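Dear colleague,

I am passing a structure on to you with this email, and below it you will find my notes on what turned up when I went through it. Please keep the structure open while you read.

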Amino acid sequence: MSTLSYLAQEAADAKVKGYGAIGYGLAAIGPGIGVGIVVGKAIEGIARQPELQGQIRTTMFLGIAFTEALALIGLVAGFIF
């Protein structure tokens with residue numbers, strides 16, 4: 001009976017190992033979409049008001065940094081869990 005439970009545990013562990021890569025792949029989709037939206041809206045804002053280009057660009061880079069932090073958190077969470 002112990003051999004059967006050992007094999008079941010090994011099978012469960014083998015299945016869990018692949019989920020980290022899938023989880024990080026899913027975690028990277030959100031920040032990728034977020035960065036695209038941030039940059040697109042910044043370009044629209046600069047096109048509408050070119051005199052505010054410096055402020056819009058600074059805000060865009062802050063938005064990209066915060067959005068990319070989510071991807072890094074997803075990567076770290078994959079290693080932890």
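Predicted model: local features only at pLDDT ≥ 70, side-chain atom pairs only at ≥ 80, totals over all residues.

Lysine 41 and glutamate 44 both belong to helix α2 (residues 19–48), where they stand three residues apart, about one turn of the helix; helices here are DSSP runs of H or I with at least four residues, strands are runs of E with at least two, and both are numbered from the N terminus. The side chains of lysine 41 and glutamate 44 meet in a salt bridge, with 3.8 Å from N to O, the term standing for a side-chain nitrogen of Lys or Arg within 4 Å of a carboxyl oxygen of Asp or Glu. In general, side chains of opposite charge can pair when their charged atoms come close. A search of the whole structure finds one salt bridge. Lysine 41 counts as exposed, at 54% relative accessibility, while glutamate 44 counts as partly exposed, at 40%; buried means under 20% relative accessible area, exposed means over 50%, and partly exposed lies in between, with a 1.4 Å probe and protein chains only.

Residues are numbered from 1 along each chain as its sequence is written, and side-chain values use heavy atoms, with hydrogens and water left out. The mean pLDDT of the chain is 81, and 75% of its residues reach 70 or more, pLDDT being the predictor's confidence in each residue, from 0 to 100.

**The chain as a whole**

The secondary structure comes to three helices and zero strands, and along the sequence this reads as the pattern α-α-α. Of the 81 residues of the chain, 11% count as buried. The accessible surface of the chain comes to about 6300 Å², of which 72% belongs to carbon and sulfur atoms; such areas come from the Shrake-Rupley method with a 1.4 Å probe, and for residues only the protein chains shown count as cover.

**Residues of helix α3**

Which residues does threonine 67 touch, if those up to four places away in sequence are not counted? They are Pro31, Gly34, Val35 and Val38, where contact means heavy atoms within 4.5 Å. Threonine 67 has its place in helix α3 and is buried, with a relative accessible area of 14%.

Glycine 74, also placed in helix α3, counts as buried at 16% relative accessibility.

Isoleucine 73 is found in helix α3 (residues 53–80) and is exposed, with a relative accessible area of 55%. Its C-alpha atom is separated by 9.5 Å from that of tyrosine 24, 49 residues apart along the chain.

Threonine 58 has its place in helix α3 and counts as partly exposed, at 47% relative accessibility.

With kind regards
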